[in-house]
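Subject: Structure handover and notes

Hello,

Here is the structure I promised to pass on. Please open it next to this email.

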Amino acid sequence: MKIVMVGQGAFGRKHLDGLKNIAGVEVASLVGGSKESTAEVAKQYGIPHSTTNLAEALALPGVDAAILTSPTQVHASQAEQVMKAGKHVEIEIPIADSLADARRILATQKATGKIAMAGHTRRFNPSHQWVHKRIKAGELKLQQLVVQTFFFRRTNMNLEGKPRSWTDHLLWHHACHTVDLFQYQTGETASVAHALQGPLHPTLKIAMDMSISMRTPLGAVCTLSLSFNNDGPLGSFFRYICDNGTYKAFYDDLSDGKDNKIDVSKVDVSMDGIELEDREFIAAIKEKREPNASLAQVLPCMHVLGKLEQIIDPQRKAHD
């Protein structure tokens with residue numbers, strides 16, 4: 001299977017690292033925003049073709065699919081371009097930064113019949129899979145999900161300390177992980193959702209702090225705190241408060257409420273959530289089936305984000 005990787009940054013390389021472990025997959029081309037850095041990364045990973053032109057890469061012989069790790073703002077247009085070119089697509093989280101664009105991508109997927117999947121990695125992290133399997137088996141019932149998503153990002157720099165060409169967003173990117181995970185673990189769409197945001201950054205023009213709360217029709221609740229101002233441990237910390245125990249997840253690590261480690265090494269074939277996400281995408285193409293985290297499955301998450309944006313938009317205008 002020949003794949004085009006779109007994005008030569010830190011997350012694109014995470015996918016390239018994962019794809020190396022998947023048999024029968026070849027990265028045919030790397031598409032990036034900078035000719036020089038894209039060629040450099042392509043050489044590093046032994047990718048035979050690099051370009052800044054997505055259409056050029058999609059036109060290469062035998063290309064089956066593309067994985068988009070490009071800036072959020074171009075996800076929707078690139079996803080449409082890939083599917084209209086007759087290729088399957090995996091779109092890193094978030095699939096778009098508006099509900100309208102998310103709906104447009106899904107409409108294109110339905111029209112083309114191509115497999116289209118969102119990179120909602122939390123569904124695939126072994127820690128969250130462990131909890132999900134026990135919920136599905138009736139061994140656990142989620143009562144509250146408490147999440148802290150903390151970064152220190154007062155300048156527009158990426159994970160490698162290099163300047164970003166685009167601006168990250170607490171709601172449409174980082175909250176998206178938790179909104180989808182909460183609905184995935186409960187099997188329900190949040191019927192109540194509220195949000196508060198702090199002051200906007202003077203130059204980035206985004207909220208640096210945000211608080212979100214949700215409740216499902218059956219009464220499970222989620223409390224999410226997000227910050228770009230946190231000068232301390234970075235990342236997303238999840239606490240599952242269940243009827244039969246408390247569990248704490250940090251990416252691929254899991255412990256109970258008393259800090260006893262839980263071995264999740266046998267949950268799946270890898271401990272790398274991004275590799276597992278890519279394995280699902282590739283398997284869905286080969287088996288001609290809907291993947292976990294398909295566009296249709298994640299659209300309810302985008303609906304909740306759209307609702308939350310309507311709540312915080314007056315707050316943003318008040319700050320302006």
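This is a predicted model: local features need pLDDT of at least 70, side-chain atom pairs count only at pLDDT 80 or more; totals for chains, interfaces and linings use all residues.

**Helices 4 and 5**

Helix 4 (residues 75–84) packs on helix 5 (residues 99–112) at an angle of about 5°. Their axes are 10 Å apart. Angles under 35 degrees count as roughly parallel, and helix 4 and helix 5 are therefore roughly parallel to each other. On the helix 4 side, the contact is made by Ala 76, Ala 79, Glu 80, Met 83 and Lys 84. Helix 5 contributes Asp 101, Arg 104, Ile 105, Thr 108, Gln 109 and Thr 112.

**The core**

The largest nonpolar core has 98 residues. Ile 95, Ile 212 and Leu 305 have the most contacts inside it. Helix 9 (residues 295–319) gives the most to this core, with nine residues. What does Leu 305 contact, leaving aside neighbours within four places in sequence? The partners are Leu 171, Trp 172, Ala 175, Cys 176 and Val 179.

**Helix 6**

Helix 6 (residues 126–136) is largely enclosed by the rest of the structure, because eight of its 11 residues are buried. Those eight are Pro 126, Ser 127, His 128, Gln 129, Trp 130, Val 131, His 132 and Ile 135. What do the buried residues of helix 6 pack against? Three helix and strand neighbours to start with are strand 7 (142–150), helix 7 (170–186) and helix 8 (273–287), among others. The list also includes strand 11 (235–242), strand 12 (245–250) and strand 13 (253–256). After helix 6 comes Gly 138, with a positive phi near 80°.

**Two loop residues**

Is His 201 buried or exposed? His 201 sits in the loop between strand 8 (192–197) and strand 9 (209–215). Buried means under 20% relative accessible area, so His 201, at 14% relative accessibility, counts as buried. The His 201 side chain reaches two backbone nitrogens: that of Thr 203 at 3.1 Å and that of Leu 204 at 3.0 Å. Beyond four places in sequence, His 201 is in contact with Arg 154, Ile 206 and Met 208.

Asn 244 is in the loop between strand 11 and strand 12. With a relative accessible area of 47%, Asn 244 is partly exposed. Not counting residues up to four places away in sequence, Asn 244 touches Glu 139 and Leu 140. The Asn 244 side chain reaches the backbone oxygen of Glu 139 at 3.3 Å. Asn 244 and Leu 142 are 102 residues apart in sequence, yet their C-alpha atoms are 8.8 Å apart in space.

Best wishes

Definitions and conventions
Residues are numbered from 1 along each chain as its sequence is written. Side-chain values use heavy atoms; hydrogens and water are left out. A nonpolar core is a set of buried Ala, Val, Leu, Ile, Met, Phe, Trp, Tyr and Cys residues joined through side-chain atoms within 4.5 Å. Buried means under 20% relative accessible area, exposed over 50%, partly exposed in between (1.4 Å probe, protein chains only). Helices (H or I, at least four residues) and strands (E, at least two) are DSSP runs, numbered from the N terminus. Contact means heavy atoms within 4.5 Å. A polar contact is a pair of N or O atoms within 3.5 Å; within protein, one must be able to donate a hydrogen and the other to accept it, and residues adjacent in sequence count only if both atoms are side-chain atoms. Axes are lines fitted to C-alpha atoms, for helices over the stretch in contact, and angles run from 0 to 180 degrees between N-to-C directions. Angles under 35 degrees count as roughly parallel, over 145 as roughly antiparallel, 65 to 115 as roughly perpendicular and the rest as oblique.
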